[in-house]
Amino acid sequence: MSNPGHIVTSYEQELNQLRGLMARMGGLVESQTAHAIQAILEHNPEAAQMAMEQDPEVDALEREVEARAIKMLALRAPMAQDLREIVSALKVTSDLERIGDYAANVAKRSLRLGTAGADISLGGLRNMGRLVQEGLRLAIDALGQNDKDKALDVWRSDKAVDEIYTAMFRELVTYMMEDPRNIGACTHLLFIAKNLERIGDHATNIAERVHYAVTGEMLPPARPRGGFTPEATP
Amino acid sequence: MSLWRRHGFGNALLPDRRRPARDWSPPDPPPPASSPPGLPPPDPSLPGWSLPLLLDLLPHPVVALAPGRLVRHANGAAQALLGDALPALLRHPILVQALDRLDGASVESVDLAMDVPVRRVLRVALRADRRAGSGLVLLSLSDRTEQDAVERMRADFVANASHELRTPLASLIGFIETLQGPAADDAPARVRFLAIMEAQAARMARLIDNLLSLSRIQMHEHRRPDGSVPPAPLLRRVADAHEPQLRAAGSTLAVDIADGLPPMAADPDQLAQVLHNLLDNAIKYARGPARIVLRAEAAQAGSGPSQGGVVLSVSDDGPGIAPQHLPRLTERFYRADDGPGARTGSGLGLAIVKHIVGRHGGRLSIESTPGQGTCVSVWLPVRPHGT
């Protein structure tokens, strides 16, 4: 932060600890998401296990962040950007926790899916996974660096995830109509795609909160369309 | 050794494993100027050494962490290796856990992978200064992305090649059998079949070329290009190279380059390949005479990433692409439909474009309206001044 230091140095330390915890939580859910996506794309049960095993730690971190933030609000009565940052931390931590839940759910479904969907093309899911991971990384970077420009980048790029989700939905429904034996696998894949799309939404929420914490201005409820959204990149 | 001590450096900065980390003595008093044999006495008028300066001189990527795990300094090699992925590395659970464990030991080494923006595999060796209250940790990074990429590539190549080569190979075998058997004496059929066989064989050769080229690009995707490319000459060169193809298709190409564009941070050959592939597609999928425009302009504020950029675009007035195909066009072997282009293409052109753009830290955008045309644009970062 570019603020001049706080008079009470332990306050500064508390803020830094809070930021450290958020970064740690961010790193965990990023890795959970990466494992979950690996679990589906490579039919890798070990990766699925890892994603699920990280969930309790994320939950514990959420409780800790919450407790610390509430304590700081009560004892330090922060103002202006500090107040916004701490209140945003409370909200961001629950976004991160939800992302962790969705990732764990994707991992669980990948286990149930097993190799049932082996002949269904996972290209769309691979693309979507990359986009979601990229958005999540940028959102957590923006959070760690209080960077409003990065936050705006995330906010603008969510459209690509939505589009690819719609394309996948259509494709999976076609598979189901072609051969009813695909219905089981395709239903799991549909939920997996939906969960990834939700992860993207929560990453966008985080970006919105970072923008608010830094500038004090809420982003408009409707996201812009067009412009340079990463069109199904990597 | 005495040289280090003279400038106030402790052992903590020395990657010297012979010296146990516990052995912590205060810096020796400056030795007499004549003591290091063969070294001139230090010149007091020269600037002193600092930790960042010394680390920057190291050819090896190193990150120094201060107490609280804040970055004290990432040297030039580390910045070149990681780019803006440094925060993502520092919050990686594997590294965080290793840092937690460091309390008990001063040496630790972990392997970790990061998926985005491009896949990186790193081995991080951690060395901690164990003096109370020091909190100094050195992370020494080695890049293992290429080894990892080679492993993955082999698997990918086998899967893609076996799958995509099977169809043309099967038809080739079928024609050969026909020529050996029923059509052995049928001259007109032989001419026709040989032409088809030639086309199929050429397609297989193209496919293998493209797969290899894609593999090569992916292998170096984690390394940002260090070239500097002015847009105008590149666009003109690519446009000239497509002259014969344009004439054969009856299409026209207009080149529109804005004035005063800064050079792009790019690899000139790869960028030329991007434009080649995009122009190829525009000519091929327009199905008949089309008006194609190759354009370079400065990126508008708010339309792309926040830093400065140049947008290169190829637009045509061909039949366009249905919206449901747009998000998936850059997947390998994805074909929007069975038009004439689909049979001759390798299905890898846009995948190659995507990976090159990814390596450059750029953005790719495809917009299309059925019946009106398609516009593919690539946002690329400009080369900052003085680099």
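How many cavities of 30 Å³ or more does the structure hold? In this predicted model, the structure holds 4 cavities of that size, and the largest cavity has a volume of about 50 Å³. The lining of the largest cavity is made by A:Arg24, A:Gly27, A:Leu28 and A:Glu57 together with B:Arg91, B:His92, B:Pro93, B:Val96 and B:Gln97. Two or more residues of this lining are given by H1 of chain A and, on the other chain, by H5 of chain B. When the residues that line the largest cavity are sorted by class, 3 are nonpolar, 3 are polar and 3 are charged.

Open space was examined in the second largest pocket, which holds about 1500 Å³. Its lining comprises 49 residues, and those that lie nearest the centre of the pocket are A:Asn16, A:Gly20, B:Gly68, B:Arg69 and B:Leu70. On chain A, the elements that give two or more residues to the lining of this pocket are helix H1 (9–41), helix H4 (80–113), helix H5 (123–145) and helix H7 (183–215), while on chain B they are strand S1 (62–66), strand S2 (70–74), helix H4 (86–90) and helix H5 (93–101). The largest share of the lining of the second largest pocket comes from H1(A), which supplies 10 residues. By class, the lining of the second largest pocket consists of 26 nonpolar, 12 polar and 11 charged residues.

The packing of helices in chain A was considered next. H5(A) packs against helix H6 (residues 148–178) of chain A at an angle of about 165 degrees, the two axes being 9 Å apart; the two helices are therefore roughly antiparallel to each other, and their crossing is left-handed. On the side of H5(A), the residues that meet H6(A) include A:Gly124, A:Leu125, A:Met128, A:Leu131, A:Val132 and A:Gly135, and among their counterparts in H6(A) are A:Val154, A:Val161, A:Ile164, A:Tyr165 and A:Met168. The contact of H5(A) with H6(A) contains 14 nonpolar, 4 polar and 2 charged residues.

H6(A) also packs against H7(A), with axes that come within 9 Å and cross at roughly 165 degrees, which makes H6(A) roughly antiparallel to H7(A). The crossing in which H6(A) passes H7(A) is left-handed, and the residues of this contact divide into 20 nonpolar, 5 polar and 7 charged.

Technical notes. Residues numbered from 1 in each chain as written. Chains lettered and ligands numbered in written order. Predicted model: local features only at pLDDT ≥ 70, side-chain atom pairs only at ≥ 80, totals over all residues. Heavy atoms only, no water. 1 Å grid on protein atoms, 1.4 Å probe; cavity = no way out; pocket = protein on both sides within 12 Å on 5 of 7 lines; lining within 4 Å. Points joined across faces, edges and corners; volume = space filled by probe spheres on them. Helix = DSSP H or I, 4+ residues; strand = E, 2+ residues; numbered from the N terminus. Nonpolar A, V, L, I, M, F, W, Y, C, P; charged D, E, K, R; others polar. Axes fitted to C-alpha atoms, helices over the stretch in contact; angles between N-to-C directions. Parallel < 35°, antiparallel > 145°, perpendicular 65-115°, else oblique. Left-handed = near helix turned anticlockwise from the far one by under 90°. Contact = heavy atoms within 4.5 Å.
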